[in-house]
Amino acid sequence: MLLGVNIDHIAVLREARKINDPDPLEAVSLVKRAGADQITIHLREDRRHINDEDAKSIIENAHVPVNLECSINEEIIETVLALRPHRATLVPEKREEVTTEGGLNVVKNKAVMIDIAKRLKKEHIELSLFIDPNSAMIDASHEIGAQWIELHTGLYANIYAMLYSNLSRSRHSIQELELDRETLHVKLIEATHELEISAKYAHQLGLRVAAGHGLNYHNVKRIVQIKEICELNIGQSIIARSVFVGFENAVKEMLGLLR
Ligand SMILES: CC(=O)[C@@H](O)[C@H](O)COP(=O)(O)O
Ligand SMILES: NCC(=O)COP(=O)(O)O
């Protein structure tokens, strides 16, 4: 199982103070030294964390491949084509969201994505599509010619947190998941099953299957067991753990669970 470390959250800390520290570029060599396989960054339209300069210096200096997540907005796509990361992962974006809320509607945006796929191919940039575990989205991703899909694990992670952590007793409790434990348990089984069958289906079609969003040192264990998933992209929980054990150790601890 490959690990892509999402280092956006280092830039989140920097932007909270609006200064130049911590610098996500410093994480680049540590990701490799810890033994992880990829760096993931998300260049948001509003540049709320990673900015163009970060993306440029990370791509130029990383000794592991860089997976650049981005929306299908034309200004962003032009920027990504010029940056030439190893892979571009297309994701949906809403200005007001705290984090990526759902998967990309590949069916609805198929024509735009076919055009983007052609332009990325010309620059030798791999294409991945960040989608919900859903067969219609997988079929459309395959038809577009994406090499990868990344399954959105956010729903699974949210249910897991409401069931097995104190989230439901905190001010960040997820209202729509304030349900009795038995219902949450059934929902967790369903969400896990959706991820399993989607990974299997996409793998049969020849797509490479990644997964990510909201994965942490607890909930990752069930996802690691899905053998068709060959890569996880994990950010927030690793950066959060770094506060207590250091960045390199936090990456190594996650790798220990993956391998
Ligand atoms: C697409 C995705 O799952 C990650 O990029 C995640 O969204 C981290 O970025 P944000 O914190 O900007 O949402
Ligand atoms: N694509 C998922 C990702 O990059 C990391 O998401 P998160 O672990 O920060 O939720």
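Trainee: Where is histidine 193 placed?
Mentor: Histidine 193 sits in helix H8 (residues 181-204). Helices here are DSSP runs of H or I with at least four residues, strands are E runs of at least two, and both are numbered from the N terminus. The model is a predicted one, where local features need pLDDT of at least 70 and side-chain atom pairs count only at pLDDT 80 or more, while totals for chains, interfaces and linings use all residues. Residues are numbered from 1 along each chain as its sequence is written, and chains are lettered from A and ligands numbered from 1 in the order in which they are written.

Trainee: What makes histidine 193 buried or exposed?
Mentor: Count C-beta atoms, placed from the backbone: 20 or more others within 10 Å means buried, 12 or fewer means exposed, and in between means partly exposed. Histidine 193 has 11 C-beta neighbours inside 10 Å, so it counts as exposed.

Trainee: How far is histidine 193 from glycine 4?
Mentor: The two are 189 residues apart in sequence. In space they are 23 Å apart, C-alpha to C-alpha.

Trainee: Glutamine 204 is in helix H8 too. Why is it called exposed?
Mentor: Glutamine 204 has 10 other C-beta atoms within 10 Å, so it is exposed. Glutamate 228 is 24 residues from glutamine 204 in sequence and 9.1 Å from it in space, C-alpha to C-alpha.

Trainee: What angle do helix H7 and H8 make?
Mentor: H7 (residues 154-164) and H8 pack at about 155°, with their axes 9 Å apart. That makes H7 roughly antiparallel to H8. The rule: under 35 degrees is roughly parallel, over 145 roughly antiparallel, 65 to 115 roughly perpendicular, and the rest oblique. Axes are lines fitted to C-alpha atoms, for helices over the stretch in contact, and angles run from 0 to 180 degrees between N-to-C directions.

Trainee: Which hand does the crossing of H7 and H8 have?
Mentor: The crossing of H7 and H8 is left-handed. The term applies if the near helix is turned anticlockwise from the far one by less than a right angle; clockwise gives right-handed.

Trainee: Which residues of H7 and H8 meet?
Mentor: Leu155, Tyr156 and Ile159 are among those in H7, and Leu184, Leu188 and Ala191 are among those in H8. Contact means that C-beta atoms, placed from the backbone, lie within 7 Å. The contact of H7 with H8 has ten nonpolar, two polar and two charged residues. Ala, Val, Leu, Ile, Met, Phe, Trp, Tyr, Cys and Pro count as nonpolar; Asp, Glu, Lys and Arg as charged; the others, Gly among them, as polar.

Trainee: What angle do H10 and H11 make?
Mentor: Helix H10 (residues 236-245) and helix H11 (residues 247-258) pack at about 125°, with their axes 7 Å apart. That makes H10 oblique to H11. The crossing of H10 and H11 is right-handed. The residues of this contact divide into six nonpolar, two polar and two charged.

Trainee: Which residues of H10 are buried?
Mentor: Ser237, Ile238 and Ile239 are the buried residues of H10. They pack against strand E1 (2-6), H1, E8 and H11. Just after H10, glycine 246 takes a positive phi of about 90°.

Trainee: What makes histidine 213 buried or exposed?
Mentor: Histidine 213 has 26 C-beta neighbours inside 10 Å, so it counts as buried.

Trainee: And how does arginine 84 count?
Mentor: Arginine 84 has 16 C-beta neighbours inside 10 Å, so it counts as partly exposed. Its phi is also positive, near 50°. Arginine 84 lies in the loop between helix H4 (74-83) and strand E4 (87-90).

Trainee: Which residues surround ligand 1?
Mentor: Among them are Asp8, Arg44, Glu69 and His213. A residue is near a molecule or strand if its C-beta atom, placed from the backbone, lies within 6 Å of it. The shell around ligand 1 has two nonpolar, seven polar and three charged residues.

Terms used:
Contact = placed C-beta atoms within 7 Å.
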